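This report is written for someone meeting the structure for the first time. Please look over the sequence and the model before reading on.

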Amino acid sequence: MNVILVNDHLSLNGGVARVAISEAVGLAGAGHNVVFFGASGEPSPELGHPRIRVENLHQCDVLADPSPA
C-alpha cells in the first residue's frame, strides 16, 4: 500500500509530529511505501527508513517567518 502523511514539521517538535513520524516509521516497517510531506524543518533521523520518501516544502515556521503578512 502507498501512504501519504502530511505534517507541519519534519522534526520532532511536539506531540503531533511524534505521532505522525511514529506512524510513518511503523507503516514503513510493515512494508508500506510512505511519502511524508512537511512544511518546514530538517527531517528527523527516524524518517531515514528506505521505504519513507521525505518531501520538504521548505516553508518558514510561522513564528520565525520574516514576513508574517
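What covers the buried residues of α1? The cover includes β1 (2-9), β2 and β3, and the sections below set this out against the rest of the chain.

## Basis of the model

This is a predicted model, in which local features need pLDDT of at least 70 and side-chain atom pairs count only at pLDDT 80 or more, while totals for chains, interfaces and linings use all residues. Residues are numbered from 1 along each chain as its sequence is written, and side-chain values use heavy atoms, with hydrogens and water left out.

## The chain as a whole

The chain has one helix and three strands, and from the N terminus on these elements follow the order β-α-β-β. Helices (H or I, at least four residues) and strands (E, at least two) are DSSP runs, numbered from the N terminus. Along the principal axes, the C-alpha atoms fill a box of roughly 40 × 20 × 15 Å.

Of the 69 residues, 29% count as buried, where buried means under 20% relative accessible area, exposed over 50%, and partly exposed in between, with a 1.4 Å probe and protein chains only. The chain exposes about 4500 Å², of which carbon and sulfur atoms supply 58%; such areas come from the Shrake-Rupley method with a 1.4 Å probe, and for residues only the protein chains shown count as cover. Among contacts (heavy atoms within 4.5 Å) with a separation of 6 or more, 46% are made by residues 24 or more positions apart.

## The helix

Helix α1 (residues 15-29) has 15 residues and reaches 21 Å from its first C-alpha to its last, close to the 21 Å expected at 1.5 Å a residue, the expected span being 1.5 Å times one less than the number of residues. Within α1, Ala17, Ala20, Ile21, Ala24 and Ala28 are buried. Seen down the axis of α1, the buried residues fall within an arc of 95 degrees, so they line one face of the helix; the arc is that of the directions from the helix axis to the C-beta atoms.

On the other side of α1, Gly15, Val19 and Gly29 are exposed. Just after α1, Gly31 takes a positive phi of about 100 degrees.

## A buried serine in a loop

Ser44 lies in the loop between β2 (33-40) and β3 (52-56), and is buried with a relative accessible area of 7%. Leaving aside residues up to four places away in sequence, Ser44 touches Leu10, Ser11, Leu12 and Ile21. The side chains of Ser44 and Glu46 are joined by a polar contact of 2.3 Å.

## The salt bridge

The structure holds one salt bridge, that is, a side-chain nitrogen of Lys or Arg within 4 Å of a carboxyl oxygen of Asp or Glu. In this salt bridge the side chains of Glu55 and Arg53 meet at 2.9 Å, N to O. Glu55 is partly exposed at 27% relative accessibility, and Arg53 is partly exposed with a relative accessible area of 47%.

Key. Polar contact = N/O pair within 3.5 Å; in protein donor to acceptor, adjacent residues only side chain to side chain.
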